[in-house]
Each structure stands twice: as structure tokens, then as C-alpha cells.
Amino acid sequence: MDLNFDFAAEQPKLVQLLIGVVAFLAFVGLMLLLLDRAPMRQRARLHAFILLAPALILLGIGLVVPGIRTTILSFMSGDSSSFVGLDNYAWMFTQPEALTVLRNTLIWVLLVPLLVTAIGLVYAVVVDNTRFESLAKSLVFLPMAISFVGAGIIWRFVYAYRPEEADQIGLLNQIVVLFGGTPQQWLLDPPINTFFLVIVMVWIQAGFATVVLSAAIKGIPSEIVEAARLDGATPIQMFFRVTIPAIRPAVIVVLVTQSIATLKLFDIVRTMTGGQFDTSVIANEMYNQAFRYGETGKGAALAVFLFVLVIPIVVYQVRTLRQRREA
Amino acid sequence: MTTTVAQPIASSGAHAATARVRKRLTTRWASLIAIVIALLWTTPTFGLFLSSFRPEDQIKQTGWWSFFADPQLTLDNYQSVLFGTSSSSGQMASFLINSLVITIPSVLFPVALATFAAYALSWLDFRGRDWIYIGIFALQVVPLQMALVPLLSFFSQGVELFGMTVLPAWDLEGPARFIQVWFAHTCFALPLGVFLLHNFMSELPGSLIEAARVDGATHGTILRKIVLPLVMPALASFGIFQFLWVWNDLLVALIFAGGTPDSAPMTVRLAQMAGTRGNEWQRLTAGAFVSIVIPLAVFLSMQRYFVRGLLAGGIKG
């Protein structure tokens, strides 16, 4: 094994990092200088312009204009040379391989938010105010810090397969063998393999639900709990009639954020199966079409469809935001 | 005056009440459920961690649980995955440096830009303020996928309008390629950043800022001396969010950083290894753990801020 790692070759990168940090300091310094120099008497507009311009320019270049261009590209051919009308969308909704992608995305977006919320809620309730509460929550929360790629590798190891006569190295197959079953290649058989990928996402995100819902549970007014208790509510009744209605807003927050995160999911599928064996989802297929097969039009159409799917959620959020402002 | 910024996570008055609920719910079943979930959530990571220290032939032939019958540990996997120079070994040290070079500016720039923008949206009175805020807020849910193709062509081909070159291509080579990764991450981070920081800044007492203005302070001074110290916890929570997001990102890196040791981060390398060397578990386990350890350390030391950010509505995808 050759271990002569060449540290000198890494130097230009560190110089680049230094340049980046210096540029950052220069930017902040310049902004503060401009703010100090701009005449205070004037209306706030000049100051607002100085403060907002950098962010708005970047948002324009990085999100707004590209979003519009992607929409246009979705009506163009693969190499963006000619107008093809709705062909890319027709492809998406009629071709079997694209329909599989849509079906998988539907499975993901139905299962992940529900499972994440359910597990997070149950866990938050059972550990609430126990002696080990903060430790218990941290354990479930830790996967939030792990990259989807890292989590993908962790779970591929859990699902690892060895032929029946050999020792199993994957935990899941070992358990199957212990109970007298035959080891399976969990990630090969559609459509069940998608469920094994969904588990990974649920594993990562459950901590999020636990933390948000646990905070909400602690905020339930004591009078309500007290009253229910005096009326002789059982723990199960308490859970369904008191806890859940009281934390409904937090549950909705978890469902909404999880739906958005799941729709955009890419890394897990790419790391664990690469979208093979009928496991691809919209975000993964979009990457494949646009950046691997050179089918920009189809990729763009998939991206636009993804956007259309999240629009109702934006509208809902903007509405609640305005209501809160008016209140 | 500082208490308005920090939103307590739990109201202590409810504690007594929930303690009583707990008593009724803490049956044997509840503990059993808690233990099962906790085990399911930790065992997979533990298995990977333990395996990364086992000798290669053992990882490939026996399960990690057999370690307890035949304990053998080695650091060889880490040595070869980090410092091995053959292209099959991982060369992870190089990618680790790339991850750092990508992440640090990609956290600094959005934090600064979002702070300036959030200050204007919270404390300056100008026409169209609410619309700009709602616009930025709504951009939060525009999927990255919508921006990737055009942004890449913006870097590689510049901007042409009616056959005229308005902006030339960036043509970044070598280490300068990091700039386009920083740029992309900064753009994508701004909607969430402005939203989170605006949430915290607009909670500051208005009388404080008015008083400073009456005393003749400029906006630069108010921002630096009054607002910044008060919103530090919010900056920390957005910073840690952005750190985890950039460090763990695969999609943006694949497209803007490429796949070579020159500029690709660890996630890209791990995804490659999982694809082409999917059964070289001695390298995959060690490599995965190297990439996990840094965000885990940051996360554990700053968990408080992270949780606060989550509760204030921060989630990104």
C-alpha cells in the first residue's frame, strides 16, 4: 500500500480558501463603509438599496432567472435547439420508465411524512419527562447530522447480502437467517426495494419530528391536561383527544416540511441504487436526464413538475404568514 | 431587553402537568417502545463505526457483531482510505480538504448577505418592503433542480442576449473552480437565511433602534453595535444549518465541483465509491465515518442553536 500522500499538492486549495475568506471580509467591510457614508437624512430607500442589493442580485442570478429559463427549456428539445411544445410533458406522463419514476415519488411522498410524524410523535410522547429524555432525544436526533450519502452507506451495510451458505455481514439478513429465513437482496426487487430506501429517509428525519413535536407537547397548557385528567381520561384517550388536537399546528409543520424535503430527495436513491431496479424518483431522474443523458428538455420538464407540486405548499405558507401579520 | 430574542423552547409552567401525563403513559409498553426505537436508531451507525476498525478480511467475511467473540481492531482502513495514493484507495484526505474549502466560505457569505438583507426588511421603512419579503420567502420552496441547468450554463457559457455577449463565461480552472461552488451555495441559501434572520430581528424592540437613531447613529453602527450582538444566537443557528447542509450536500457538488480530487468534496467521493467499489466495505465504512465525524462534532457542540433554528422554521431541501 502506497501511503505517500502529497500534502504540498493541496496547497493551492488552501490559498483559494484564504482568498475566499479575505473576499468575505472585504465585502463586509465595504458594506459597513457604504452604510456609514450614505447620508442619513435621506429617505430609507438608499440604505435599503445598499443592504438588499447583494442578496437580490444573487437571488436573481441563482434562482429567479434560472427558474424562468428552466421553464422555457422544458418546452424545448433535448439539446435546446428547437421548440417541441408539450412533448417532454407527454413523455413524463405516458412512457413506462417515467411513470415508474412518478409512482415511486408518490410512494415516497405518501410514506415519509406519515411515518416520520408518527414515529416522532410516539417517541416524543413516550420519552417525555422521563429521566433519560434529553439523551433519548439526542440518540434519535443524531442522524440529522449525517449526510444522506453517509446514511445511504450505513444502510447499504445493514442490507448487505451474502449467499445462503456464507456468513451474513448485513444485520437485516443476519436477523432473517436467525429466524430461519433465506437471505434476500433487499434492494433488487421492485417495488418493495423502494420501501427499503424509504426507511433510510425516515431514519434520518424522525429526529426532526421528535424535536419539533416534543417542544409542542411541552407547550400544552396545564389546565387542559388537568381537566382531562380529572375527567378520568385514559392514556390512550389523552393522546388522541388532548395531545394531538393541542399540537395540531406543529404536526402540520412537520408534515409540510417533510413533504417538501421528500419531493426533492436525491442523495439516498443515488447512493444506494443509483436509481436502478426501478427505484428512481423525480429529482434523481431529473439529474440523469439533464446531466448524464444530455436530455435537457426532459430534465427541465421534471424540474418544473417538481416545482408545480410544491406550489400549493407555498400558497398555504404565504397565507398563514399574512394572517399572522394581520393578527 | 435581550430576553425577547431567545424564545424559550418549553414553558416551564407546563412541566408539572406533563409530568402527570407521563405517569399515566409510562407503562411498560411505553418504555419498550422507547427502547426499541432508540436501538433501531443507533445500531446501524454503531455497526458501521465498529466495522471501520475491523481488519479487511474480517469485515468481508463475518458480521460486525462477531467482533464481540473475536475482538480485533486496526487503523489500517483509515490509513488507506485517507492517505493511500492509488486511485482505488479513496484519497479521502484530498477530498476532506476540498470539503473544508467548499464549506467555510459557503457558510460565511450567506450569513453576511442574509444579515444585511434581513436588517433592511425588518428595520427600514420603504415602499415594496412586504412584497420583497414575501418574494424571498416564497423562493424557499423553489427546488434547486429548477436552477441547476441554467446556472451551470451561466458559469460555463456566460450570458448572451440577442447574440450579444452580456457577461463572458467564467472559465474557472483548478482551485478557482471552488468559486462557482461557493456562488451556487450562497444563492441557494439566501431564502432560508433571510427568512430565519428576519424572524429573529423583527422581534427586537423597536424603541431600542429608534433611540439609537435619535442619538444620530448610522445604520452601520446600529447593525454592528446593537443588532448584531442581540441576534448572535440566530446567526449561530443559521450558520450551523448552512454548515451541515453544505458539508452533507451531494447534488450541488456533483454539478458545480465535478468529480475529481481537485475540487470534489467527500460526499461525491463516497457516492463514487459506493457505486464502483460497493463491496469494498473496509474503505466504505472508514470513509463514511471520516465524513460523518466533523458534522457530528459541530452538531453536538452546537445542538442548542440547531434546535432553535429548527423550531423557528428552518428546513431546507
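Where is A:Phe277 found in chain A? In this predicted model, A:Phe277 sits in the loop that runs between helix H12 (267–272) and helix H13 (282–292) of chain A, and A:Asp278 lies in the loop between H12 and H13 as well.

- A:Phe277 counts as partly exposed because it has 15 C-beta neighbours inside 10 Å, where a residue would need 20 or more to be buried and 12 or fewer to be exposed.
- A:Asp278, which is not a glycine either, has a positive phi of about 60 degrees.
- Which number of other C-beta atoms within 10 Å goes with the partly exposed state of A:Asp278? There are 18 of them, and A:Asp278 is therefore partly exposed.

**Chain B as a whole**

- Chain B is built with 14 helices and 2 strands, and of its 317 residues 49% are buried.
- When the contacts in chain B between residues at least 6 apart in sequence are considered, 72% of them join residues that are at least 24 apart.

**The largest nonpolar core**

- The largest nonpolar core has 184 residues, and the residues with the most contacts inside it come from both chains, namely A:Ala55, A:Val212 and A:Leu213 together with B:Ala114, B:Ala117 and B:Leu197.
- Helix H5 of chain B, which covers residues 92–123, gives the most to this core, with 19 residues.
- On the side of chain A, at least three residues of this core are drawn from each of domain 1 (12–73) and domain 2 (95–326).
- A:Val212, named above among the residues with the most contacts inside the core, touches A:Ala250, A:Val253 and A:Val254 in chain A as well as B:Leu310 and B:Leu311 in chain B, when residues up to four places away in sequence are not counted.

**Contacts between chains A and B**

- How many residues of chain B are in contact with chain A? The contact involves 113 residues of chain B and 112 residues of chain A.
- The residues on the side of chain B that touches chain A divide into 77 nonpolar, 30 polar and 6 charged.

Conventions:
Residues numbered from 1 in each chain as written. Chains lettered and ligands numbered in written order. Predicted model: local features only at pLDDT ≥ 70, side-chain atom pairs only at ≥ 80, totals over all residues. Helix = DSSP H or I, 4+ residues; strand = E, 2+ residues; numbered from the N terminus. Contact = placed C-beta atoms within 7 Å. Core = buried A, V, L, I, M, F, W, Y, C linked by C-beta atoms within 7 Å. Domains from an automatic or database assignment. Nonpolar A, V, L, I, M, F, W, Y, C, P; charged D, E, K, R; others polar.
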